[in-house]
Amino acid sequence: MKKIKDALGEVEIKGVPQRVIALDWVYIEDVLASGVQPVGAADIEGYNTWVKVKVDLSPDVQDVGKRFEPNLEQIASLKPDLIIGVKYRHEKIVDQLRAIAPTLIFDPFSEEAAKDPYTEMEETFLKIADVLGKKDEGQQMLDNLNGTYADAKEKLKDNKAGASYVLSQAFSEQNAVTFRLFADNSIAVQIMSKLGMTNAYKSDKLEEFGFSETSVETLTKVQEASLITMIQTDDDSINNFMKDNPVWKNLAFVKENRIFALGGDTWPFGGPLSAEMFTERVVSVLGQ
């Protein structure tokens, strides 16, 4: 029997779990990265849409509902011996989950984790791999990932973005465009630091999720850097904004054609498999 420390205390787990249910995308990925297919997962359609990694989720995996509102009856029917969830979504139902099976709850958005999300990602992944009897495989995965970073850094030593960059997503709501600018305490920026690249955007506070949601005016403060984007190309509101907005059109990186598109389906969050894909996409766009 193992006693595993999670965000809510300690959890006793007997043997090596064989029937795992993951209630958040990052933990679906962590289970897959450990070499295991879960029996159930939350929001499989969303996961397959957004999380582009090299290990596919088996079509046999059962969907157990939304990440915020998983179906407890469906979870119980799968007879899991381990459930993995996230504190801000599942703390309120943890007693019900633990009545079904041992449940690990992680908190990647605590203040401590937010200061160094990359380390939290590694530690959580290794903990999951260890519980699943895949500790050595998990460590090998991270070792290989560090090798990927070293190779990428060499390919990016004269990267197309130049001395500094700003990493951004954008989305529209009721025709208003909001920019997410990624701060130094995001996994994506921490990865790019490992690749030898320098983030020009500095938030004036610790960003819980690793990015600031702001307007185009903020970009005027970092326009001497290059802009690296993860933007949906089929969003008409964003396309019209970039065609018509005078602030946007007068930004230095717009006028000087220093915008580099990683693609709207780039996933800058997640675990080691997402980190690998993010790195490969950065190299494909910015490498010489």
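1. Ser172 stands opposite Val177 in β9, where strands, as DSSP runs of E with at least two residues, are numbered from the N terminus, as are helices, which are runs of H or I with at least four residues. This is a predicted model, in which local features need pLDDT of at least 70 and side-chain atom pairs count only at pLDDT 80 or more, while totals for chains, interfaces and linings use all residues. Residues are numbered from 1 along each chain as its sequence is written, and side-chain values use heavy atoms, with hydrogens and water left out.

2. Strand β8 (residues 165-173) and strand β9 (residues 176-182) run antiparallel and are joined by six bridges, two strands being counted as paired if DSSP finds at least two bridges between them. Ser168 stands opposite Leu181 in β9. The hairpin of β8 and β9 has two residues between the strands, and Gln174 takes a positive phi near 50 degrees there.

3. Six bridges also connect β8 with β11, and these two strands run parallel; Leu167 has Ile228 in β11 as its bridge partner.

4. These strands belong to an open sheet of five strands with mixed pairing, in the order β10-β9-β8-β11-β12. Because β10 (211-214) and β12 (259-261) stand at the edges with a single partner strand each, one side of each is left without a neighbour in the sheet. Direction ignored, neighbouring strands of this sheet are turned by 30 degrees against each other on average. Helix α14 (residues 272-286) packs on the sheet and touches β8, β11 (226-231) and β12, contact meaning heavy atoms within 4.5 Å. The direction of α14 makes about 135 degrees with that of β12, axes being lines fitted to C-alpha atoms, for helices over the stretch in contact, and angles running from 0 to 180 degrees between N-to-C directions.

5. An open sheet with parallel pairing is formed by five strands in the order β5-β4-β3-β6-β7. At its edges stand β5 (62-63) and β7 (103-106), each with a single partner strand, so one side of each is left without a neighbour in the sheet. Strand β4 (residues 40-41) runs parallel to β5 and is joined to it by two bridges, with Ala41 opposite Asp63 in β5.
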